[in-house]
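Colleague: I have a model open and want to learn how to read its features. Can you take me through a few?

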Amino acid sequence: MEGENAVIRALVFDVGETLIDETRIWTRWADRLGVTRFTMLGVLGGMAALDRSFAEAFQIIRPGFDVETEQEAWKREDPDGLRVDFDAADLYPDVRPGLAALRELGYELIIAGNQPPQAHDALAAMDLPVDAIYTSDGWGVSKPDPAFFAKVVAVSGREPGELLYVGDRLDNDVFPARRAGMRTALIRRGPWGYLHAARPEAARADHVVEGFPDLVAAMRP
């Protein structure tokens, strides 16, 4: 693969189930939909195993469900609640020290994932040791669209082979980032992360890591 001999200068991170534990978000959705939390999380796991979108989980639980309409109603009823959003309490415990360790090693650190507009401010409020934060909504393009990864390369100002994209999915993260010429790390957490790490195709990632301690160790000179 072109760029495999380049020295990695920057790491780019997905958000959900890479930096953010989405458990609270999905359990709030379960409560909102009136199903048990086990049911909600189980159906999500089924979507991951079947390579189907998490959005399809809503249709299985409640056929004809309109997510956007429900979110607007939820916002009116609970304007000050987190609802589908996250805050610092949802950050995986190893993220902040892991980012600090990577920065100490001299890497540029960028966050770029599929997220709604409010996610940028939520991440910025955490004061993480990163150099830049971008969201798909801000760019108007989402993973796995090649244009998303072209934007990642453009904002980094680096050659693709100097970037390592870190995410929890093969389809949304590893494969399209590789096609864009980047190096990749698959993080084994969240439903997609565990399932995808067990697949033979996970060997196409440069690294498969259990969490940030593993990632930091892999990035040491």
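Colleague: Start with one side chain. Is E210 buried, partly exposed or exposed?

Modeller: This is a predicted model, so keep that in mind throughout. E210 counts as partly exposed, at 44% relative accessibility. The band for that class runs between the buried limit of 20% and the exposed limit of 50%.

Colleague: Which residue does E210 form a salt bridge with?

Modeller: General idea: side chains of opposite charge can pair when their charged atoms come close. Here E210 pairs with R188, and the closest N and O atoms are 3.0 Å apart. E210 sits in the loop between β6 and α11 (212-219), while R188 sits in the loop between β5 (183-187) and α10. The two are 22 residues apart, and the pair links distant parts of the chain. R188 is also partly exposed, at 29% relative accessibility.

Colleague: How many salt bridges are there in this model?

Modeller: The count comes to 16 salt bridges. One of them joins D51 and R199, with the closest N and O atoms 3.0 Å apart. R199 is partly exposed, with a relative accessible area of 24%.

Colleague: Which residue does D131 form a salt bridge with?

Modeller: D131 pairs with R103, the closest N and O atoms being 2.9 Å apart. D131 lies in the loop between α6 and β3, and R103 lies in helix α5 (residues 95-104), so the pair ties together parts that are 28 residues apart in sequence. D131 is partly exposed at 46% relative accessibility. R103 is partly exposed too, at 36%.

Colleague: Which residues are linked with K143 in a network of salt bridges?

Modeller: D14 and D173 are linked with K143 in that network. Keep K143 on screen. Its peptide bond to P144 is cis, with omega near 10 degrees.

Colleague: How should I read that? And where is P144 found?

Modeller: Most peptide bonds are trans. P144 is found in the loop between α7 (136-139) and α8 (146-156).

Colleague: Where is D127, and is it buried or exposed?

Modeller: D127 is in the loop between α6 (117-125) and β3 (132-135). D127 counts as exposed, at 64% relative accessibility. D127 follows α6, and its phi is positive, near 55 degrees.

Colleague: Last one: helix faces. Which residues of α6 are buried?

Modeller: An α-helix has 3.6 residues a turn, so residues three or four places apart point the same way. In α6, the buried residues are A119, A122 and L123. Seen down the axis of α6, the buried residues fall within an arc of 95 degrees, so they line one face of the helix.

Colleague: What covers the buried residues of α6, and which residues are exposed on its other side?

Modeller: The cover includes β2 (108-113) and β3. On the other side of α6, D121 and A125 are exposed.

Definitions and conventions. Residues numbered from 1 in each chain as written. Predicted model: local features only at pLDDT ≥ 70, side-chain atom pairs only at ≥ 80, totals over all residues. Heavy atoms only, no water. Helix = DSSP H or I, 4+ residues; strand = E, 2+ residues; numbered from the N terminus. Buried < 20%, exposed > 50% of the residue type's maximum accessible area, 1.4 Å probe, protein only. Arc of directions from axis to C-beta. Contact = heavy atoms within 4.5 Å. Salt bridge = Lys/Arg side-chain N within 4 Å of Asp/Glu carboxyl O.
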